[in-house]
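Hi,

Here is the structure I said I would pass on.

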Amino acid sequence: MRTQRQVVDYSLQKRAVLRELLAGRVGTYDVCDASPYLKNAARFHGEPTDRRCPICRSENLTLVHYIYGDELKQSAGQARTLTELPVLAMTLREFQVFVVEVCLGCDWNHLVEQYLLGRDGLTGDSDGASEQDAAGAEGAGRRRREAQR
Ligand SMILES: [Zn+2]
């Protein structure tokens, strides 16, 4: 997606969990604990993949995209389909996306990645500093105009 930025990849953490599981240091009941909410989100808003579940190897994983951010108001924390994200990214300045993989067969679930989307990413510098500078300059200009009166 065009405005995607600040991507955090959690595949290392996932591999670590799977290693722990193989070594018997954690049980499947510890990692296959998808809540009914997460499973519903996967059913209704999930993105099917052709990747097999690493635990049961009988179902394909589903990706769920959760969105967070002040601009979302009451929609914050809800799941969205992948096709809805570019539309939101053009409407909102900035929001966070958390991608969770879920297996509807054995309830395995793990955070895959997180990233930011939104129009702020179109400017080129997404750190927000330039925008603050612009606002500051504007404020200074206004103060100067007021001083001249
Ligand atoms: Zn599974």
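**The zinc site**

Along the sequence, the residues that donate to the zinc ion follow the spacing C-x2-C-x46-C-x2-C. Keep in mind that this is a predicted model. The donor atoms from the protein are the SG atoms of Cys-53, Cys-56, Cys-103 and Cys-106, and they sit 2.2 to 2.3 Å from the zinc ion. The geometry comes out as tetrahedral, with angles of 106 to 116° among the 4 donor atoms. Since four donors count as tetrahedral if all angles lie between 85 and 135 degrees, the zinc site meets that rule with its 106 to 116°.

Cys-56 and Cys-106 link distant parts of the chain, 50 residues apart. Cys-56 is in the loop between strand S2 (47–52) and S3, while Cys-106 is in the loop between S5 and strand S6 (109–117). As for accessibility, Cys-56 is partly exposed, at a relative accessible area of 29%.

**The aromatic pair**

How many aromatic pairs does the count give? It comes to 1. The partners are Tyr-68 and Phe-98, arranged edge-to-face with 5.5 Å centre to centre and 85° between the planes. The angle qualifies because planes over 60 degrees apart count as edge-to-face.

This pair also joins distant parts of the chain: Tyr-68 belongs to strand S3 (residues 60–68) and Phe-98 to strand S5 (residues 95–102), 30 residues apart.

Cheers

Note on methods: Residues numbered from 1 in each chain as written. Predicted model: local features only at pLDDT ≥ 70, side-chain atom pairs only at ≥ 80, totals over all residues. Heavy atoms only, no water. Phe/Tyr/Trp six-rings, centres within 6.5 Å; stacked < 30°, edge-to-face > 60°. Helix = DSSP H or I, 4+ residues; strand = E, 2+ residues; numbered from the N terminus. Donors = N, O, S within 2.8 Å, 3.2 Å for Na, K, Ca; no water. Tetrahedral: all angles 85-135°; square planar, octahedral: opposite > 155°, others 65-115°. Buried < 20%, exposed > 50% of the residue type's maximum accessible area, 1.4 Å probe, protein only.
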